[in-house]
Amino acid sequence: MTKPAAEWRPIVAALADDDARPIVGALLAGGDAAEQLAALSPTKRARVVRVLTASGLAREHEGRLEARTEVFRELLRAAPVDRPTGIARFVRDGRIEHGPSGASDRAEVMAWAADRAVGVAELADEATVTERLAAIFEDPAALRRYLVDADLIEWRRDGSQYARPA
């Protein structure tokens with residue numbers, strides 16, 4: 001059974017409880033928490049057992065507490081991580097964070113970079129292209145060369161202007 005994401009609060013509350021935390025630690029370590037429970041007053045012991053069972057961290061079985069480690073898997077399933085797709089796997093906050101190893105991913109990231117370097121039907125000087133690429137990558141000169149080598153942008157022989165191929 002998958003727990004709604006809102007059900008993490010009782011678990012965190014139980015882990016934050018100074019009386020319950022050592023019991024949880026002993027249970028998760030595979031030990032018996034009977035000794036730690038016996039050291040608590042009857043009122044605290046009852047409260048700790050109630051907190052741990054209500055949170056799902058423990059269950060009572062044959063008069064003893066047992067860890068319920070599956071509660072962590074349940075929480076993780078209830079709140080799956082949104083994984084980025086496409087170029088978002090490589091571009092963070094408008095900058096290329098790392099280069100893709102796959103050819104199709106690399107082509108997509110390079111096309112994205114070319115769009116930012118030189119507009120369609122635009123002629124841009126080297127300083128402008130370098131400045132634009134510096135905004136998206138740590139080594140703009142290398143990226144500029146990659147874009148030229150991949151025929152995504154072209155340059156005049158004297159290197160004075162860059163454009164998108166026709």
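1. Helices here are DSSP runs of H or I with at least four residues, and strands are runs of E with at least two, numbered from the N terminus. Counted in this way, the protein chain has eight helices and seven strands. The model is a predicted one.

2. On overall form, the radius of gyration of the protein chain is 29 Å, whereas a compact globule of 166 residues would have one near 15 Å. Along the principal axes, the C-alpha atoms of the protein chain fill a box of roughly 85 × 25 × 25 Å.

3. On burial and surface, 31% of the 166 residues of the protein chain count as buried. The accessible surface of the chain is about 10,500 Å², and carbon and sulfur atoms account for 53% of that area.

4. On contacts, consider the pairs in the protein chain whose residues lie at least 6 apart in sequence: 47% of these contacts join residues at least 24 apart.

5. Strand 7 (residues 161–163) pairs with strand 6 in the antiparallel sense over two bridges. W155 has Y162, in strand 7, as its bridge partner.

Key:
Residues are numbered from 1 along each chain as its sequence is written. This is a predicted model: local features need pLDDT of at least 70, side-chain atom pairs count only at pLDDT 80 or more; totals for chains, interfaces and linings use all residues. Side-chain values use heavy atoms; hydrogens and water are left out. The radius of gyration is taken over C-alpha atoms; the globule rule is 2.2 Å times the number of residues to the power 0.38. Buried means under 20% relative accessible area, exposed over 50%, partly exposed in between (1.4 Å probe, protein chains only). Contact means heavy atoms within 4.5 Å. Accessible areas come from the Shrake-Rupley method with a 1.4 Å probe; for residues, only the protein chains shown count as cover. Two strands pair if DSSP finds at least two bridges between them.
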